Amino acid sequence: MTDKTTILYIEDDPGSQVLVQRTLLHAGYRVVVASRGIEGLDLAAKELPDLILMDINLPDLSGREVTTRLRSDSRFRSVPVVALTAQAQAGEREKTLVAGLTGYLTKPIDVDRLPEQVATFLAGRKESLSVEALAEAQAAYNQELVNRLESKIRELERNYSELRRLDKIKEDFIQLAAHELRTPMTTIYGYGRLLQESPIIRKIRDESTEVQIFLDGLIESIERMTGVINEILTISRIATGRVELSVGPINAVRMMDKLVQGFQPVIQQRRLVMEFDPKQWPALMQGDSDLLALAFTNLVGNAIKYTPDGGTISLTAQQTNHTVTVAIKDSGIGIDKADQTRIFEQFFTTNNTQLHSTSKTAFRGGGLGLGLAICRGIIEAHGGRIWVESEGRDETRNPGSTFWVELPLQARIMSPRRVVTA
Ligand code: ADP
């Protein structure tokens, strides 16, 4: 920190910025400059200036509004704030003083006099108004504030409805594109399977490792692409509230058992320990079995994906009268506190999406950042809750994460929360 007197100049015109800065620097002051009202408020809080020079016509908040805002903060109650403005119409000076400014200097800037004027305000000079002028200016300033507020609200409403319109176009496009892609993919997948099972191809495949690699690579990529298309379709339905639950009885023991079995190959390959006790899970609950299985597959898949080889994943469930609380705990890299709500947003991923070629269950494998948004949509559509606990992310210490899911045993059908893309 310097012991020079600091002046904050809030001004959007570059020419004035340079002129004032040069003049005051020359006079021995330290000068910091902000080009917008909000930026000025932030800079004032950071620099705690000794005096503020304020343009009135700023692109966001007006200089008057910035000053009124500053005056509500005890740190700025007695800091001189001097208008430096081209507004010379009748009533402007009065409105400006009533808003909390200390003085009113008009442009063009008189560079010869400015340092001396600044010095007098620093020494305690304060411009004042007569009682009558004060009342009139106060009413005019109040009116100005209300008018600006109204026009800002109208502008926000217009922007919001435009965004909603664009968001709908985007969602419709995603749905259409994903549907159009899924149809030929289903055919390609079917032919791929037929190829795999055809006795002639099998014979060639057994004889040639090359053909085997080509065929396996083909099928794996088709499966991956089908998975991505389905993920996009599901999230798009959840985002637009178009997901329809088909609720029926679910045997969660069987559902989870099947799910864990499905992950066995990767569990073995990555030498993971999977702790799972089927007895803890409800043999009967209500819900959409396909969607709940998808949600838990995503959660277990993530636990595997973000846990280094040799780690432990545990799936536990605890039942009360009306709910089941599930914990999916891993010994993986963990999640930063700051990201713990954001990870449930669409397309939020800490992975580099440029490196998406790896398998989804490989350590830190690829993903679109849709899995948890889908989970949240599905769980909330069942009237449940999902949240995460983790000490933070640390790829050497591996503090792990626990994803909690609380579900009613009898699904209360809720319309899922709208998930808006950031
Ligand atoms: P994706 O895995 O495709 O990136 P998700 O929506 O499934 O998308 O997850 C979003 C982000 O949440 C991931 O990028 C990752 O940073 C974090 N995450 C999810 N599950 C875990 C976990 N079990 N351990 C650590 N990080 C996780």
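Of the 20 residues around the ligand, which come nearest?

Modeller: A word on the basis first. This is a predicted model, where local features need pLDDT of at least 70, side-chain atom pairs count only at pLDDT 80 or more, and totals for chains, interfaces and linings use all residues. Residues are numbered from 1 along each chain as its sequence is written, and side-chain values use heavy atoms, with hydrogens and water left out.

Now the site. K305, D330, T349, T350 and L372 come nearest, out of 20 residues around the ligand. Here a residue is near if one of its heavy atoms lies within 4 Å of the molecule.

Next, the polar contacts, meaning pairs of N or O atoms within 3.5 Å. D330 places a polar side-chain atom 2.8 Å from a ligand nitrogen atom. L372 uses a polar backbone atom, 2.8 Å from an oxygen atom of the ligand. G369 also works through its backbone: an N or O atom there lies 2.9 Å from a ligand oxygen atom. The protein buries 99% of the 530 Å² that the ligand exposes when taken alone. Those areas come from the Shrake-Rupley method with a 1.4 Å probe.

Three elements each supply at least two residues of the shell: α10 (289–305), α11 (371–381) and β12 (401–408). They are DSSP runs, numbered from the N terminus: helices are H or I with at least four residues, strands E with at least two. α10 gives the most, with three residues.

By class, the shell has nine nonpolar, nine polar and two charged residues. Gly counts as polar in this scheme, while Asp, Glu, Lys and Arg count as charged.

Methods. A polar contact is a pair of N or O atoms within 3.5 Å; within protein, one must be able to donate a hydrogen and the other to accept it, and residues adjacent in sequence count only if both atoms are side-chain atoms.
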